[in-house]
Amino acid sequence: MQPVKRIEIFANYVELGKILESLEKAGVRGHSVIKDVAGKGTRGTITNDLAMTMLDNVYIIAFFPPEKLPLVESNVRQTLNKFGGVCFISDAIEIETTRCVG
């Protein structure tokens with residue numbers, strides 16, 4: 001097991017490319033994106049009752065080494081301050097697994 005940081009971002013689909021670019025520039029190697037996200041937070045209720053459009057929200061989750069935190073935080077903050085969205089960073093533990101060879 002090894003410690004990692006988990007970053008979770010909720011943003012508008014239109015800004016997805018810019019956000020992923022900011023993560024990549026900070027050295028985050030991989031990510032997952034869930035499209036058409038709805039919910040309620042401090043900024044109110046966000047729903048996607050209509051057919052999926054470019055105005056829908058996305059959820060981005062990624063993991064990175066703790067030593068990259070200052071650069072990741074700086075890059076993501078700049079992007080979100082410019083384009084909007086919310087971000088959460090927390091501690092996580094990666095379980096190392098054996099790769100199965102068939």
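Helices (H or I, at least four residues) and strands (E, at least two) are DSSP runs, numbered from the N terminus. The model shown is predicted, so local features need pLDDT of at least 70 and side-chain atom pairs pLDDT 80 or more, while totals for chains, interfaces and linings use all residues. Residues are numbered from 1 along each chain as its sequence is written, and side-chain values use heavy atoms, without hydrogens and water.

**View 1. Helix H1 spans residues 16–25.** Leu16, Ile19, Leu20, Ser22 and Leu23 of H1 are buried (under 20% relative accessible area, with exposed over 50% and partly exposed in between; 1.4 Å probe, protein chains only). These buried residues fall within an arc of 155 degrees seen down the axis of H1, so they line one face of the helix; the arc is that of the directions from the helix axis to the C-beta atoms. On the other side of H1, Glu24 and Lys25 are exposed. Just after H1, glycine 27 has a positive phi of about 95 degrees.

**View 2. Threonine 79 is located in helix H2 (residues 69–83).** Threonine 79 counts as buried because its relative accessibility is 11%. Leaving aside residues up to four places away in sequence, threonine 79 touches Lys18, Ile19, Ser22 and Gly84 (contact means heavy atoms within 4.5 Å). A polar atom of the threonine 79 side chain lies 3.1 Å from the backbone oxygen of asparagine 75.

**View 3. Strand E1 gives three residues, the largest share, to the lining of the second largest pocket.** A pocket is an open set of points on a 1 Å grid over the protein atoms alone where a 1.4 Å probe fits, with protein on both sides within 12 Å along at least five of seven lines; lining residues have an atom within 4 Å of a point. Among the lining residues are Phe63, Phe64 and Glu94.

Note on methods:
Polar contact = N/O pair within 3.5 Å; in protein donor to acceptor, adjacent residues only side chain to side chain.
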